[in-house]
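Here's a quick briefing to read alongside the structure. Have a look at the model first, then work through the points below.

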Amino acid sequence: MLSNRSNPGPAPAFHSSWRALSHLPHCGYAPLHVDIALLRDTLGFARRVQQRAGPVSRAILVGRPQALLMSADALETVLMDTSGRVSAAGGWAPFLGELFPRGLIMRDGEDHRVHRRRILPALRRDALDQHLARMAPRVDAAVQSWVQAGQLDLHDAFRRLTLNLASDVFLGVRETADIEAAHHDFVQLVDASAAILRLPEPWRRHTRYGRGLAARARLGAFLRERIAARRADPGGDLFSQLCVLSDEDGLAFSDEEIVDHMIFLWMAAHDTTRSALTTATRALALDISWQSRLREELGTGAAARALPDLEALNALAGLGWVVKEALRLFPPIPTLARQLRADMQVDGQRLPGGTVVTLFLLAVQRDPRWWPDPDRFDPERFAPQRADPQRHRHAWVPFGGGAHMCLGQHFAQMQARLVLRSLLARGRWGLAPGSAAARMAFAPIAHPPAGLPVLLQSV
Ligand code: HEM
């Protein structure tokens, strides 16, 4: 069994940490106003701060003095640090610490490396083939039912689909009766991670946050009850894999570690993939020429409707560019959190040990230095003939980078391509008339606040 040895240490007191950042340009927003601006208009906020204060500035965000990092250089320095001066646990603790304790992102250093290495095989390429074979028929059946309906909110439909796929591929549970309560608890838990009001006991019980914590306890029990059976008779699902995986020293996860990893993986995978699917289908609804182009790439008839394997999905180059461009314009997780354990020089500024930093992936992915006409949907940016050797290595970072880079990035892109391919093979879609779905918000995750109502016609 492994212990969580990643303790970022106590955060320095509020006043001294704010004073320690006094040499940095101020972001220009008063406390609270920062939070409101960031929630309401994340991209506008990032652009105004970049303009006023440059790539490294200071702010009091969610009640914590911190440095805001908005350049590719700054992101690279922090994400790629290998000297142990950067803690992911320290950055994410206030948001995820109680809801997802001991998940991978809440671990640092050697402890993190050991756990990550042990989980990796469950998401490797040969495992992806199996996951794809399980998902493809379910995806196609769902898409056929949507086309029959003709009009629906795709953002909502993607939630149901990704939950059902996760139950099967992640949990190995197909029976509706077994899974409905777990789905409900999971949605409450994810919802709680965006809660601003986090009261202590006993006041939290009737708040969104308190309900999320109670849901987590029930999910833990749901998983714990099934561990022994999975160990005795493992399936091809991720949960079974976690129950039987061991490293080269023969060390396996304890029951509590399985529960912690499983709940975090489930959360990390769910809303992010749903967001990517929504932004890609929204972009294709707004740009019909790309929809037609992808349909041509796919071809027609029985071959286009056949269930694909990984090779067939990867052969659709244009589809891959569309997914990447949607992730550039609307990174599902627009900002990342870290805490520095020691002094660091970041994009020309000295940041003292203890500093909390927020990394603005969104600002870098919309930076005109790396992306000409940055707000335009232009999937061909990712075509090999347009590869730009001058583009910064960390100008496209929807999956982060370095030690904590997303473990599910290949899984997520595979799932997004699978769903889009099936939609393209079976239907043609546009935004429903009068729909407000063109408006996007980024907090807490990239999404259309009014959903994505579409008209979907059979092809
Ligand atoms: C489009 C979908 C996805 C996006 C945009 C995304 C994005 C990210 C990002 C930005 C991080 C880094 C967080 C940080 O450094 O602070 C991350 C970490 C992670 N993601 Fe994803 N993710 C997606 C889907 C998935 C899926 C499908 C899975 C699982 C199957 C997954 C599992 C994880 C895990 C386990 C980590 C933590 C890795 C570590 O700490 O070592 N993600 N993800």
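**How two helices cross**

α9 and α10 meet in a left-handed crossing, meaning that the near helix is turned anticlockwise from the far one by less than a right angle. Keep in mind that this is a predicted model, where local features need pLDDT of at least 70, side-chain atom pairs count only at pLDDT 80 or more, and totals for chains, interfaces and linings use all residues. Residues are numbered from 1 along each chain as its sequence is written.

**The α9 and α10 pair**
- Helix α9 covers residues 176-192 and helix α10 covers residues 208-232; helices here are DSSP runs (H or I, at least four residues), numbered from the N terminus.
- Their axes sit 8 Å apart at an angle of about 140°, with axes being lines fitted to C-alpha atoms over the stretch in contact and angles running from 0 to 180 degrees between N-to-C directions.
- The two helices are therefore oblique to each other (under 35 degrees is roughly parallel, over 145 roughly antiparallel, 65 to 115 roughly perpendicular, and the rest oblique).

**Around the ligand**
- Of the 23 residues around the ligand, the nearest are Ala269, Thr272, Gly400, Cys406 and Gly408 (a residue counts as near if its C-beta atom, placed from the backbone, lies within 6 Å).
- Two elements, α12 (255-286) and α18 (409-426), each give two or more residues to that shell.
- α12 has the largest share, with 6 residues.

**Confidence**
- The chain's mean pLDDT is 92, and 97% of its residues reach 70 or more (pLDDT is the predictor's confidence in each residue, from 0 to 100).
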